Amino acid sequence: MLHVFLCEDDQACLTHIETVIKNHILIEDYDMELTLSVDNPTSLLEYLDTHPIEHGLYFLDVDLQHEMDGIVLASKIRIHKPAAKIVFVTNHAELSHLTFRYRIEALDYIVKDNPEEMIGWIKDCIDVAYERYLSDQSPKRGGYQVKAGGQTRVIPFDEILYFESHPAPHKIILHTKIGQVEFYGSLSNVLDINTDFFRCHKSFVVNTKHIRHVSKPKREVTMNNGAIVLVTKAKIKALLDAMVRDN
């Protein structure tokens, strides 16, 4: 999950940005949450000290009416959270150069002078941060990236049972341990993603790690969840060999 943090000393603005963030996450169905919303930097740093959160998106005001401003706060976050995605939301456009001096590498610097434009920029930052989060996660978790239902998801390889051709052209059904996902794609392209994926039939690609049994007479494959998948006669030996190799 990508955690979102907000630090803004103006209560009205804090509430407004909270609403924008929560609504956008809900509408886009992102694997994100607004984890903490505070009006002073000390509270945010104390939370980070006691919660080992690696991936976070931070919306920070620059002028926090505190001995620590948003720029210094961001520099402290960056030291301990190298993967942090930091966005400044402020009235002070003239201070943007400080982000370079402190080597913060901010994702964006949003000025509050136009409320409607500010909302659009906040949503764009959430979208960009989430896309980058998924890209970062995919190789680490070992997952298959799927775009379906208006969102992008990374499904870990160890949760994937098999892929099946959809009755509709150019669509695939991905079966996992807990459900299924439909998306546009080709079974041929799936094979290049993971060496554990095996095309046992023109309509099926199985994850050999999740096969319970192969029946030669019936030309069927039983997956770990009990699902039955077809296998052609010509593919049975190669499938059994792949299962032995994987074990």
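A salt bridge here is a side-chain nitrogen of Lys or Arg within 4 Å of a carboxyl oxygen of Asp or Glu. Keep in mind that this is a predicted model, where local features need pLDDT of at least 70, side-chain atom pairs count only at pLDDT 80 or more, and totals for chains, interfaces and linings use all residues. Residues are numbered from 1 along each chain as its sequence is written, and side-chain values use heavy atoms, with hydrogens and water left out.

**Exercise 1.** Work out which residue forms a salt bridge with Glu 182, and where the two sit.

*Step 1.* The partner of Glu 182 is Lys 171, with 3.5 Å between the closest N and O atoms.

*Step 2.* Now place them: Glu 182 is in strand S10 (residues 180-184) and Lys 171 in strand S9 (residues 171-176), 11 residues apart. Strands (E, at least two residues) and helices (H or I, at least four) are DSSP runs, numbered from the N terminus.

*Step 3.* Check accessibility, where buried means under 20% relative accessible area, exposed over 50%, and partly exposed in between (1.4 Å probe, protein chains only). Glu 182 comes out partly exposed at 36%, while Lys 171 is buried at 19%.

*Step 4.* Take another look at Lys 171: it lies over the face of Tyr 184, 5.3 Å from the ring centre. The rule for this asks for NZ of Lys or CZ of Arg within 6 Å of the ring centre and within 35 degrees of the ring normal.

**Exercise 2.** Find the network that salt bridges build around Lys 112.

*Step 1.* Start with Glu 8, whose side chain meets that of Lys 112 at 2.8 Å, N to O. Lys 112 sits in the loop between strand S5 (108-111) and helix H5 (115-141), and Glu 8 in the loop between strand S1 (2-7) and helix H1 (11-28), 104 residues apart.

*Step 2.* Look at burial: Lys 112 has a relative accessible area of 14% and Glu 8 has 1%, so both are buried. Asp 61 is buried too.

**Exercise 3.** Classify the aromatic pair of Phe 163 and Phe 197.

*Step 1.* Rings of Phe, Tyr and Trp (its six-membered ring) pair if their centres lie within 6.5 Å; planes under 30 degrees apart are stacked, over 60 edge-to-face, the rest tilted.

*Step 2.* With 5.2 Å between centres and 70° between planes, this pair is edge-to-face.

*Step 3.* Phe 163 lies in strand S8 and Phe 197 in strand S11, so the pair ties together parts 34 residues apart in sequence.
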